[in-house]
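I opened this notebook to keep track of what I look up, one entry at a time.

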Amino acid sequence: MTTPTENEQGIWLTQEAHDRLKAELDQLVAGRPAMAAEINARREEGDLKENGGYHAAKEEQGKQEGRIRQLTDLLRKARVGEPPTTATTAELGTVITIRFQGDDETEKFLLGSREIAGTTDLAVYSPESAMGSAIMGAEPGTTVTYQAPNGRDITVEVVAVEPFVP
């Protein structure tokens, strides 16, 4: 059984997270003329090979344009709304409590877009991550094993699933 990923089912965002990202995008787009003026001013300073200010401005412009593309894509895919009001399986917008095999302590996190991280004190795991994709659709009591980025197999038990309360 395969579970849809963020790319297939859209990225779930709270209204607060969506508004924050939209404001950031608007601010970056509004700053484009100022960035272009800065680059032109630095270009006028002379030899571009040795012009550190020009290269720094171009690098900053590249970063800003990359973030604009990222935000535009994310907001285009976003499903804005309230988190689920009930939760029986691990899905986008749910808070998952897990226990790593061999450990008595539990860990609690939100399964959702990392862009929500600024709106909650919980750690946020993407369903695209190794653990996130392994637990998608899992019910409490389910044990799953996934391969960590370092190549080790890690086994976790899903202890609880509950709705996210922003």
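**Entry 1: charged pairs in the helices**

I started with Asp73, which forms a salt bridge with Lys77, the closest N and O atoms being 3.2 Å apart. I keep in mind that this is a predicted model.

Why can these two side chains meet? Asp73 and Lys77 are four residues apart in helix H4, so about one helical turn separates them. I then checked how open each one is. Asp73 has a relative accessible area of 27%, so I noted this residue as partly exposed. Lys77, with 28%, is partly exposed too.

Next I looked at helix H2, where Asp26 and Lys22 both lie, four residues apart, about one turn of the helix. Their side chains meet in a salt bridge, at 2.8 Å from N to O. I have Asp26 down as partly exposed, with a relative accessible area of 38%. Lys22 is partly exposed as well, its relative accessible area being 37%.

**Entry 2: a pair between strands**

How many salt bridges does the structure hold? I read off nine.

One that I wanted to see joins the side chains of Glu162 and Lys108, with 3.6 Å from N to O. Glu162 sits in strand E7 and Lys108 in strand E4 (residues 106-111), so this pair ties together parts that are 54 residues apart in sequence. On accessibility, I wrote down 30% for Glu162, which counts as partly exposed. For Lys108 I wrote down 41%, again partly exposed.

**Entry 3: Asp153**

While on strand E7 (residues 153-163), I stopped at Asp153, which is found there. Is Asp153 buried or exposed? At 57% relative accessibility, Asp153 counts as exposed, because the cut-off for that word is over 50%.

I also looked up its partners. Leaving aside neighbours within four places in sequence, Asp153 is in contact with Thr145, Tyr146 and Gln147.

I turned to the domain assignment, which gives domain 1 (11-80) and domain 2 (94-163). Taken over C-alpha atoms, their centres are separated by 32 Å. The contact takes eleven residues from domain 1 and five residues from domain 2.

How much area is buried between domain 1 and domain 2? I get about 630 Å², and carbon and sulfur atoms give 62% of that. On the side of domain 1, Trp12, Glu16 and Arg20 lose the most area to domain 2, together 51% of what that side buries.

Between domain 1 and domain 2 the count is zero salt bridges.

Which elements build the side of domain 1 that touches domain 2? Strand E1 (11-13), helix H2 (15-30) and helix H4 (52-77) each supply at least two residues. H2 gives the most, with four residues. By type, I sorted the residues of that side into six nonpolar, two polar and three charged.

**Entry 4: to look back on**

Definitions and conventions. Residues numbered from 1 in each chain as written. Predicted model: local features only at pLDDT ≥ 70, side-chain atom pairs only at ≥ 80, totals over all residues. Heavy atoms only, no water. Domains from an automatic or database assignment. Contact = heavy atoms within 4.5 Å. Buried area = accessible area lost by both parts, 1.4 Å probe. Salt bridge = Lys/Arg side-chain N within 4 Å of Asp/Glu carboxyl O. Nonpolar A, V, L, I, M, F, W, Y, C, P; charged D, E, K, R; others polar. Buried < 20%, exposed > 50% of the residue type's maximum accessible area, 1.4 Å probe, protein only.
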